[in-house]
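Have the viewer open and follow along.

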Amino acid sequence: MKEGDLELLNEIAHFEDSHNLEREFRIGWSWRHVRIWPATLNRLFKDGYLDNVFRSNSYTGYRLTELGRKIVASEQADETARTPQEQKLDLPADLFEDIIGHDEVKELLRACLTAEKPVHVLLAGPPALAKTLFLWDIEQSAGEKAVWLVGSATSKAGLWDLVGERQPQVLLIDELDKMNAADTAALLSMMEGGRLVRAKRGRELDLEHQIWVVAATNRLNVLSPELKSRFAIRQLTPYDRSKYLAVVKGVLVRREDVPAEMAEEIANRLDGRTQDVRDAVRVARLAPQLGVERAIKLLLGD
Ligand SMILES: Nc1ncnc2c1ncn2[C@@H]1O[C@H](COP(=O)(O)OP(=O)(O)OP(=O)(O)O)[C@@H](O)[C@H]1O
Ligand SMILES: [Mg+2]
């Protein structure tokens, strides 16, 4: 059997299954119906995978033989065996440990991810509120069961193929607002579960299991109503004073290796001037050369 033949036989089987052969193709289907070259069909016929039901000068009618059917069926059985077993996500107790505060978001996400059936969550809000960090933590614990993608950089093959190939249980989408139209359309049906119609080859794919989607976006207003409706939307609001201080101290000490004292100083000096954690990180990175006060002055102006 030549490389690619199995794929062709699969397509033929799918074509036959989606038509009433007795009524529509009594004399067999032709190469035009399955869009496979006559020479290729002739080869499959000679190899015993196709029956020649009818032959005239202008029409050669084929049908899959028992052998052809068997090959397709055994391939499908293989596929099912290869599909990862549906398992509940095993989330560690310290799942969101590196995220400071946001207790309700943590509780909501954990509940959604361990629910019997999917509840999709969209984290929305201004920059630097740990949205991406939430997705990152989920990816870390879900491992192979998760697929991460960034809306602005979805792969050329598209969401459809990605999900078909990797069969993830969790889809993590950062920058959802930047996802292209084709992927967004695929996402809409994936989120409802069940059958997906692959536009490219008119094929269908039954998702082996349901998908949980967790996404993040800066902007809600550019998302379509039907997309928003599929998500539990959690709007994150900018940190108030005390939260900002706590987050900055935590991030600088844990992630930037800044001594606790200096972290405290930076947090206090920035208090009231900015609510962006990234400002504090920049100050911390320049402090060794400039000192905290000077770094703040140069970065934020007067
Ligand atoms: N609550 C928090 N706990 C721990 N780190 C935080 C928290 N909030 C912000 N950060 C830190 O701030 C930085 C930005 O966080 P993150 O990238 O997750 O933000 P975001 O909400 O995705 O922002 P954007 O909308 O710009 O993509 C990171 O370095 C992150 O560690
Ligand atoms: Mg982000």
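Predicted model: local features only at pLDDT ≥ 70, side-chain atom pairs only at ≥ 80, totals over all residues.

Why are Glu 265 and Arg 269 about one helical turn apart? Because they sit four residues apart in helix 12.

Next to look at is Glu 264, whose side chain forms a salt bridge with that of Lys 249 at 3.4 Å, N to O. This pair links distant parts of the chain, with Glu 264 in helix 12 and Lys 249 in helix 11, 15 residues apart. Both partners are partly exposed: Glu 264 has a relative accessible area of 35%, and Lys 249 has a relative accessibility of 28%.

## A bridge between an exposed and a buried residue

Side chains of opposite charge can pair when their charged atoms come close. Arg 241 and Asp 271 give another example, as their side chains meet in a salt bridge of 2.8 Å, N to O. Here again distant parts of the chain are linked: Arg 241 belongs to helix 11 (residues 241-255), while Asp 271 lies in the loop between helix 12 (260-270) and helix 13 (277-290), 30 residues apart.

Are these two partners buried or exposed? Arg 241 is exposed, because its relative accessible area is 59% and the cut-off for exposed is over 50%. Asp 271, at 19% relative accessibility, counts as buried, because the limit for that class is under 20%.

How many salt bridges does a search of the whole structure find? The search finds 15.

Now turn to strand 5, which spans residues 170-174 and is mostly covered, with five of its five residues buried. Val 170, Leu 172 and Asp 174 point one way from the strand, Leu 171 and Ile 173 point the other way, and all are buried.

Strand 5 has parallel partners. Strand 4 (residues 146-150) is joined to strand 5 by five bridges, and the two run parallel; Ala 146 stands opposite Val 170 in strand 5. Strand 8 (residues 212-217) also runs parallel to strand 5, with four bridges joining them. In that pairing, Ile 173 stands opposite Ala 215 in strand 8.

Which residues make the nonpolar surface patch of about 220 Å²? They are Ile 27, Val 53 and Phe 54. Phe 54 is found in strand 1 (residues 50-55), and its relative accessibility of 31% makes it partly exposed.

## Around ligand 1

Ligand 1 has 18 residues around it, and Ile 100, Lys 131, Thr 132, Asn 218 and Tyr 239 come nearest. Ile 100 places a backbone N or O atom 2.8 Å from a nitrogen atom of ligand 1.

Oxygen atoms of the ligand have backbone contacts as well. A backbone N or O atom of Leu 129 lies 3.0 Å from an oxygen atom of ligand 1, and for Leu 133 a backbone N or O atom is likewise 3.0 Å from an oxygen atom of ligand 1. Taken alone, ligand 1 exposes 630 Å², and the protein buries 86% of that.

Methods. Residues numbered from 1 in each chain as written. Chains lettered and ligands numbered in written order. Heavy atoms only, no water. Salt bridge = Lys/Arg side-chain N within 4 Å of Asp/Glu carboxyl O. Buried < 20%, exposed > 50% of the residue type's maximum accessible area, 1.4 Å probe, protein only. Pairing = 2+ DSSP bridges. Patch = residues over 30% accessible without salt bridge, like charges linked within 9 Å, V, L, I, M, F, W, Y side chains within 5 Å. Areas by Shrake-Rupley, 256 points an atom, 1.4 Å probe, with all protein chains shown as cover. Near = heavy atom within 4 Å. Polar contact = N/O pair within 3.5 Å; in protein donor to acceptor, adjacent residues only side chain to side chain.
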